[in-house]
Number of protein chains: 2
Amino acid sequence: MKNKLMLALLATALTATAHAQVKTEDAIKWRQSAYATMGWSMARIKANVEGTYNKDEVIKAANVIQAIANSGMGALYVPGSDKGKGWVDTRVKPELFTDGAKVGKIAGDFNQAANELAKVAATGDAGAVKNAFGKLGGTCKSCHDDYRNK
Amino acid sequence: MKNKLMLALLATALTATAHAQVKTEDAIKWRQSAYATMGWSMARIKANVEGTYNKDEVIKAANVIQAIANSGMGALYVPGSDKGKGWVDTRVKPELFTDGAKVGKIAGDFNQAANELAKVAATGDAGAVKNAFGKLGGTCKSCHDDYRNK
């Protein structure tokens with residue numbers, strides 16, 4: 001009886017592990033999709049701060065960026081996914097997988113900037129949004145400069 | 001002076017419109033990206049309700065779905081984007097652009113289900129999440145069945 005229970009628990013654990021494992025191709029595709037979705041949101045916010053400001057539209061876009069920034073995308077950088085194809089070939093540099101501290105700093109800055117943008121978007125203060133948007137864009141660029149191939 | 005002001009206002013309005021216009025290729029790519037990002041999140045939640053449940057992971061994933069569901073993706077269904085290529089050729093059926101009431105109903109159900117999932121995810125009630133997850137999946141399927149080519 002005890003053995004049966006142990007086997008059942010083991011089977012459950014293995015199932016969970018199997019489900020949690022992400023294929024390289026999926027990981028790269030999901031990464032590319034999440035960044036492109038944030039790109040759409042950045043484009044929307046840019047259009048608002050440079051053109052006619054619509055508070056609701058900026059909130060929606062900032063909330064998407066915030067949710068994705070806090071989603072734990074690190075899980076998509078599975079070992080071996082420095083090469084491979086999602087929608088297209090990944091452009092990530094292998095250094096992203098080894099520069100732990102530096103990458104962690106950029107990721108932390110990005111998260112903080114995304115949270116700040118969502119916070120000021122909720123107030124409808126276009127000037128504050130423009131400032132927070134610029135800061136967030138800077139964290140995107142710092143990662144692209146160092147860890148994305150042209 | 002009055003004419004100059006009018007011209008300046010007109011120029012601003014035109015700029016805003018220009019920025020807000022979305023190219024077909026971008027619209028399709030952003031649509032595909034947003035759905036794939038929700039697909040990633042759905043896969044994470046599925047792994048949690050079928051395997052070992054991690055409250056924080058489910059919250060993160062549900063928040064991504066909720067933010068995208070409420071982002072106003074309808075704006076990405078620009079006229080003429082029933083055909084074209086984003087990452088890949090779009091699979092949308094032209095009927096999605098003409099079945100206003102039916103599409104609106106599906107979109108509303110989807111939004112409501114996404115909000116409900118995020119709400120129950122925050123409580124950590126795995127059973128309620130499983131139920132809400134199933135309902136949300138049903139709204140995805142109803143749109144795929146009618147408006148997405150195989």
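Visitor: Are H2(B) and H3(B) roughly parallel or roughly antiparallel to each other?

Guide: This is a predicted model, and in it H2(B) and H3(B) pack with their axes 9 Å apart at an angle of about 150°. Angles over 145 degrees count as roughly antiparallel. The two helices, H2(B) and H3(B), are therefore roughly antiparallel.

Visitor: How many nonpolar residues does the contact of H2(B) with H3(B) have?

Guide: On the side of H2(B) the contact includes Ala34(B), Met38(B), Met42(B) and Ile45(B), and on the side of H3(B) it includes Val58(B), Ala61(B), Ile65(B) and Ile68(B). Arg44(B) of H2(B) and Glu57(B) and Lys60(B) of H3(B) also take part. Divided by class, the contact of H2(B) with H3(B) has three charged residues, three polar residues and, in answer to your question, 11 nonpolar.

Visitor: What is the handedness of the crossing of H3(B) and H4(B)?

Guide: The residues that make this contact include Val58(B), Ile59(B) and Ala62(B) of H3(B), together with Phe110(B), Leu117(B) and Ala118(B) of H4(B). By class, the contact of H3(B) with H4(B) has 11 nonpolar, five polar and one charged residues. As for the handedness, the crossing of H3(B) and H4(B) is left-handed.

Visitor: Which helix gives the most residues to the lining of the largest pocket?

Guide: The largest pocket holds about 1300 Å³ of space, and of its 43 lining residues Tyr35(A), Met38(A), Met73(A), Tyr77(A) and His144(A) lie nearest its centre. At least two lining residues come from each of H2, H3, H4 and H5 of chain A and from H2 of chain B. With 10 residues, the helix that gives the most to this lining is H2(A).

Visitor: How many charged residues are in the lining of the second largest pocket?

Guide: The second largest pocket has a volume of about 1100 Å³, and its lining has 42 residues, with Tyr35(B), Met38(B), Tyr77(B), His144(B) and Arg148(B) nearest the centre. The largest share of this lining, 10 residues, is supplied by H2(B). Divided by class, the lining of the second largest pocket has 25 nonpolar residues, nine polar residues and, for the class you asked about, eight charged.

Key:
Residues numbered from 1 in each chain as written. Chains lettered and ligands numbered in written order. Predicted model: local features only at pLDDT ≥ 70, side-chain atom pairs only at ≥ 80, totals over all residues. Heavy atoms only, no water. 1 Å grid on protein atoms, 1.4 Å probe; cavity = no way out; pocket = protein on both sides within 12 Å on 5 of 7 lines; lining within 4 Å. Points joined across faces, edges and corners; volume = space filled by probe spheres on them. Helix = DSSP H or I, 4+ residues; strand = E, 2+ residues; numbered from the N terminus. Nonpolar A, V, L, I, M, F, W, Y, C, P; charged D, E, K, R; others polar. Left-handed = near helix turned anticlockwise from the far one by under 90°. Contact = heavy atoms within 4.5 Å. Axes fitted to C-alpha atoms, helices over the stretch in contact; angles between N-to-C directions. Parallel < 35°, antiparallel > 145°, perpendicular 65-115°, else oblique.
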